Amino acid sequence: MKEKKLGLASVIATGVGLIVATSCLLSLGQGASAIGVTIIISMLIACVLNILTALSISELNAIMPNLTGGLAQYTLACMGPFVTVIAMVGGYLVCNTIVGSAECAMFGNTLNSVLPQVNIPGNVYCVLLLLILIIVNLGGVDIFAKIQNIVAYGLIISLVIMGLIGCFKIGIGDTVTQPAVISSDFKDITSLCGLTFFLFIGCEFIIPISNQVKDARRKIPLGMVLSLLIVMIMQTFLVIGFKNYTNWSDLGESATPHVLYGTLLLGKAGTIWMAIVSILAVTSSINTIISSLAYICDGMAKINLLPSVFMKKNKKGAPYVGILLIGGSMILINATGLSTTSQLSFLILTGCVFWMITYIIAHIDVLILRRRMQKAPRTFKVPLSPVLPVAGIIGTCWMIYNIASDPAVRIQIYVVTGIIFAILAVYSVIWIKKVLKAKLFEPFPVKDVMAMENELYPVFHQEKYKIKKISNQAAAINKNI
Amino acid sequence: MMELSKIEIITSMAKVNALQEAFGQFGITGMTVTQALGCGVQLGTKEYEADKNTSPALLPKQCVMVVLPTEDVDKFLEFVKKELYTGHIGDGKIFITPVSNVVRIRTGEEGCEALTEGKL
């Protein structure tokens with residue numbers, strides 16, 4: 001049994017590290033340049049809605065503890081395989097691939113901003129980085145296993161320091177005199193909630209460490225909520241810093257707002273500092289995405305939600321089909337040459353819609369399990385249920401409705417999302433009817449979903465499937481004779 | 001005389017230590033733990049196995065027996081359920097029965113007095 005040694009500080013550090021990504025800074029820069037410091041109100045709304053999601057996920061973890069597939073497994077037990085496959089498996093994989101591609105583009109943009117004299121397009125850097133990470137992952141080597149946390153914390157500490165320096169106007173650069181508020185219209189503020197939602201995404205990734213945490217039932221929900229609040233405070237400092245040191249228009253146009261801010265705040269030293277930290281953070285994040293999504297595909301194949309080809313491992317033990325598929329998709333997206341702020345924002349917002357849908361499903365899962373397993377002991381319960389989960393559902397739907405301020409962009413996002421969901425729905429129906437031979441909307445019993453987590457489950461069940469197949473073949477041969 | 005209840009908890013071997021450490025907070029003054037073999041409705045089938053056993057397979061378990069005032073039972077059960085819950089098959093069962101009396105043989109004290117540290 002693993003020793004439970006992680007405390008609340010470790011939970012918060014992990015949470016903040018997982019929530020903050022370099023591409024978040026692009027969203028922050030874009031949002032702040034559009035309406036000024038009133039973006040903080042939009043951030044607050046997005047933060048509150050993410051806290052509601054954190055509470056719902058904590059309750060799901062309390063009733064179905066320590067599941068590696070997380071939201072997919074909760075949904076399989078609540079709504080059956082159809083919703084699980086299209087929204088959770090497909091949606092989650094697709095949105096992570098999309099968001100990962102945006103994060104990767106930040107790598108190219110950062111290198112271009114610090115090496116303007118080298119005339120190489122940003123997407124060439126991205127494709128090269130992806131190729132290297134695919135090869136490394138195929139080799140079964142996690143180059144970032146030991147420094148992943150250090151890199152993430154490096155980014156966070158750098159942002160906190162930069163934010164505070166900017167906030168208190170103690171940078172070596174010239175301060176800028178400009179209006180703090182560009183728009184205080186509530187409609188403008190709410191139209192940016194989709195963008196600010198992205199700043200707080202990812203607190204559910206804390207769940208997998210819960211079995212290593214002392215007093216996890218109290219510290220995991222608390223850690224998730226505190227992580228979100230800390231991110232909120234950190235980003236608030238940055239917005240005020242932006243106001244003091246960067247022109248709103250320059251900030252909105254920059255594809256690397258963190259490097260621009262670092263330069264204007266601390267000169268060349270700021271440029272180098274932010275560039276090194278963000279390049280390491282981006283590389284680490286993309287490596288994690290490729291590796292973890294490949295293992296999620298492996299896990300989904302184990303419970304029969306994806307083809308068994310995803311379980312195949314190479315000689316080094318790496319799930320190579322998933323690595324090639326996820327890495328390959330990211331190369332294709334990045335090869336299109338995306339790099340401008342509008343392209344990246346579009347990609348981020350599209351990924352956000354998928355993510356928001358999974359969060360809505362998490363709230364619905366809580367309500368379903370409250371009804372279906374009323375008496376099951378829960379070490380954590382969402383307070384004021386069903387009010388808070390319902391508020392979470394309504395709020396997140398409202399954010400999807402406000403995903404972009406430009407109606408044309410919004411429609412484009414809905415079209416892309418709709419097409420991807422339609423493709424996933426076709427796959428889902430065929431897969432469930434032909435392979436899984438299950439009813440589309442019939443939930444799996446909770447005990448079965450919990451059993452699927454056991455490493456021996458696929459071994460025993462595939463054995464049974466093989467025996468059944470052999471006996472069917474034997475019966476057919478006998479019949480012919 | 002204060003009403004008493006007997007709680008018998010059948011659970012996996014690994015869980016007893018956690019219960020043992022936490023029982024003090026409920027004013028429980030004694031407990032009896034027995035090693036047992038048994039099975040439930042699954043007839044000892046492991047949760048990952050594809051086919052249910054046709055004949056019972058007895059699995060090693062621990063049976064924890066405590067007696068406590070009936071008024072504390074609900075709070076105690078709430079604690080035990082949360083402590084033992086993993087969501088997996090085999091978490092165990094709790095049996096609650098009324099106790100008509102308890103006698104401490106050495107002193108002859110009865111009821112609640114027999115369960116607490118007496119003066120005699």
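Biologist: Into which domains is chain A divided?

Modeller: Domain bounds come from an automatic or database domain assignment. Here chain A is divided into domain 1 (8-444) and domain 2 (445-481). This is a predicted model, in which local features need pLDDT of at least 70, side-chain atom pairs count only at pLDDT 80 or more, and totals for chains, interfaces and linings use all residues. Residues are numbered from 1 along each chain as its sequence is written, while chains are lettered from A and ligands numbered from 1 in the order in which they are written.

Biologist: How many residues does the contact take from domain 1 and from domain 2 of chain A?

Modeller: Two residues are in contact if their C-beta atoms, placed from the backbone, lie within 7 Å. The contact takes nine residues from domain 1 of chain A and eight residues from domain 2 of chain A. Helix H4 (residues 71-79) of chain A gives the most to the domain 1 side, with three residues. Helices (H or I, at least four residues) are DSSP runs, numbered from the N terminus. The C-alpha centres of the two domains lie 38 Å apart.

Biologist: How is the packing of H4(A) with helix H5 (residues 81-114) of chain A to be read?

Modeller: Two packed helices are described by the angle between their axes and the distance between the axes. Axes are lines fitted to C-alpha atoms, for helices over the stretch in contact, and angles run from 0 to 180 degrees between N-to-C directions. For H4(A) and H5(A), the angle is about 165° and the axes are 8 Å apart. The two helices are therefore roughly antiparallel to each other, a term for angles over 145 degrees.

Biologist: Which residues of H4(A) and H5(A) meet?

Modeller: Among those in H4(A) are A:Leu71, A:Thr75 and A:Met79, and among those in H5(A) are A:Pro81, A:Met88 and A:Tyr92. By class, this contact has nine nonpolar, two polar and no charged residues. Ala, Val, Leu, Ile, Met, Phe, Trp, Tyr, Cys and Pro count as nonpolar, Asp, Glu, Lys and Arg as charged, and the others, Gly among them, as polar.

Biologist: Where does chain A touch chain B?

Modeller: In this contact, 15 residues of chain A meet 12 residues of chain B. The elements of chain A that give two or more residues to its side are helix H17 (446-452) and helix H18 (456-480). H18(A) gives the most, with five residues. The side of chain A that touches chain B has 10 nonpolar, three polar and two charged residues.

Conventions:
Parallel < 35°, antiparallel > 145°, perpendicular 65-115°, else oblique.
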